Amino acid sequence: MSGLLILVVVVAIVVVWAVSLYNNLVKLRNNRENAFANIDVQLKQRHDLIPQLVATVKGYAEHEKEVLQRVTEARTAAMGAGTINEKVQAENMLSSALAGLKISLEAYPDLKANQNFLQLQNEISDVENKLASVRRFFNSATRELNNAVETFPSNLFAKMFGFNKEPMFEIPQEQRAVMDKAPEIKF
């Protein structure tokens, strides 16, 4: 009888431990999804501001159609992305297109002084700063989930219940080259 009692206690401990590991993995996955929902809020605001920026710039830079078209296409792709991973990829393309627009705008001093443009530029800058913050939170949540998925003993249950390592929200390679260069300061 005492052997059976010990067996029941050991099985109960193992079951409680396994449930605890599973619940922790679910919490981490939900935390990551919540973090991306915060990114989605900022991305929506960014997507709403871009048409206004493009319309303002069009009046000054009619011949910059290719740059404006890339921004518009990237915005459309970003808004149509379905999964978190598709959104990460599409948003990286949009960030790259916006960086190209910023470079292109340097040739238009009148535009840079226009009040509407300055207001839009400030709003986009604010959204970009907020995006940077929520992306850091998302990457932190992703790191926590990935650590749980890859470390022992939770990795044994992670694979069994379909938890996988998830990608971070990273800067695309083409943007890294631009960001590695020191900024030019002109007076």
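Lys130 counts as partly exposed because its relative accessibility is 36%; buried means under 20% relative accessible area, exposed over 50%, and partly exposed in between (1.4 Å probe, protein chains only). Asp126 is likewise partly exposed, with a relative accessible area of 36%. The two residues form a salt bridge, with the closest N and O atoms 3.2 Å apart; the term denotes a side-chain nitrogen of Lys or Arg within 4 Å of a carboxyl oxygen of Asp or Glu. Both lie in helix H5 (residues 115–150), four residues apart, about one turn of the helix. Helices here are DSSP runs (H or I, at least four residues), numbered from the N terminus.

## Model and confidence

This is a predicted model, in which local features need pLDDT of at least 70 and side-chain atom pairs count only at pLDDT 80 or more, whereas totals for chains, interfaces and linings use all residues. Residues are numbered from 1 along each chain as its sequence is written, and side-chain values use heavy atoms, with hydrogens and water left out.

The protein chain has an average pLDDT of 80, and 78% of the residues score at least 70; pLDDT is the predictor's confidence in each residue, from 0 to 100. Confidence is lowest in helix H4 (residues 109–113), with a mean of 56, and highest in helix H6 (residues 154–160), at 88. Where pLDDT is low, the predicted coordinates should not be read in detail.

## Salt bridges between separate elements

The structure holds seven salt bridges. One of them joins the side chains of Lys87 and Asp40 at 2.9 Å, N to O. This pair links distant parts of the chain, since Lys87 belongs to helix H3 (residues 84–105) and Asp40 to helix H1, 47 residues apart. Lys87 counts as buried because its relative accessibility is 16%, while Asp40, at 27%, is partly exposed.

Lys165 and Glu150 also meet through their side chains in a salt bridge of 3.9 Å, N to O. Lys165 lies in the loop between H6 and helix H7 (173–180) and Glu150 in helix H5, so the pair ties together parts that are 15 residues apart in sequence. Lys165 is exposed at 53% relative accessibility, and Glu150 is partly exposed at 44%.

## Nonpolar surface patch

Met1, Leu4, Leu7, Val8, Val11, Val15 and Val19 make a nonpolar surface patch of about 720 Å². Patches consist of residues with over 30% relative accessible area and no salt bridge, like charges being joined within 9 Å and nonpolar side chains (Val, Leu, Ile, Met, Phe, Trp, Tyr) within 5 Å. Accessible areas come from the Shrake-Rupley method with a 1.4 Å probe; for residues, only the protein chains shown count as cover. Val15 lies in helix H1 (residues 2–60) and counts as partly exposed, at 46% relative accessibility.

Notes. Helices (H or I, at least four residues) and strands (E, at least two) are DSSP runs, numbered from the N terminus.
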